[in-house]
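Dear colleague,

Please find below the structure that I am handing over to you. My findings follow directly after it.

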Amino acid sequence: ITFFNDTEAGSGKYVTNMQVAGQLPNTQRFLIKEINWAPNPEVATNDEKDVCDRACIAIEINNKRIYIAPLQMHISADSFQPQGATETVTHHLNVIRELENYILLPGGVPFKVVITVGITAAASSLIATTRLIGELVRPSG
């Protein structure tokens with residue numbers, strides 16, 4: 001699953017705040033301090049578990065992998081386990097994990113966040129949100 005390849009013009013501001021698909025404008029740069037991933041709250045319990053089981057989240061900048069981690073490390077504090085879920089493994093939710101080393105995302109170069117789903121793909125359509133939280137630097141004026 002690839003994120004940040006939609007634009008405001010194509011998908012609307014509700015879906016993305018990207019002006020250019022897959023990159024920031026040349027005049028901007030972004031310091032990534034935190035990565036959050038959240039499935040739609042209406043997702044079926046087993047679908048969420050299937051996608052998260054052994055899944056990875058990666059950031060690629062200028063076609064080079066800069067960061068990779070288990071997806072469960074970056075489940076958003078806004079997420080919750082769907083109703084009726086029972087777990088055999090404990091997962092820490094509502095824990096904000098700021099990156100130990102921030103990631104600089106320069107403007108004018110391609111980037112993407114890629115989720116490699118777990119052992120089993122979701123049975124139904126999965127809607128998810130990925131947020132990069134940090135500081136945007138853009139020209140003044």
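Setting aside neighbours within four places in sequence, G134 makes contact with F30, L31 and K33 in this predicted model. G134 belongs to strand β7 (residues 128-137). From G134 to K33 the C-alpha to C-alpha distance is 4.8 Å, although the two residues are 101 residues apart in sequence. With a relative accessible area of 34%, G134 is partly exposed.

I turn next to the nonpolar interior. In soluble globular proteins, nonpolar side chains tend to be buried together. The largest nonpolar core here comprises 26 residues, and I32, I35, W37, I59 and L132 have the most contacts inside it. At least two residues of this core come from each of β2 (29-39), α2 (45-52), β3 (56-61), β4 (64-70), β5 (98-106) and β6. Strand β2 provides the largest share, four residues. If residues up to four places away in sequence are not counted, I59 touches I32, I35, K64, R65, I66, Y67, I103, K112, V113 and L132.

Finally, the structure contains one aromatic pair. The ring centres of F4 and F111 are 5.5 Å apart and the planes meet at 40°, so the pair is classed as tilted. F4 is located in the loop between β1 (2-3) and α1 (8-11), while F111 is in strand β6 (residues 111-116); the pair therefore ties together parts that are 107 residues apart in sequence. F4 is buried, at a relative accessible area of 15%, and F111 is also buried, at 6% relative accessibility.

With kind regards

Key
Residues numbered from 1 in each chain as written. Predicted model: local features only at pLDDT ≥ 70, side-chain atom pairs only at ≥ 80, totals over all residues. Heavy atoms only, no water. Phe/Tyr/Trp six-rings, centres within 6.5 Å; stacked < 30°, edge-to-face > 60°. Buried < 20%, exposed > 50% of the residue type's maximum accessible area, 1.4 Å probe, protein only. Core = buried A, V, L, I, M, F, W, Y, C linked by side-chain atoms within 4.5 Å. Contact = heavy atoms within 4.5 Å.
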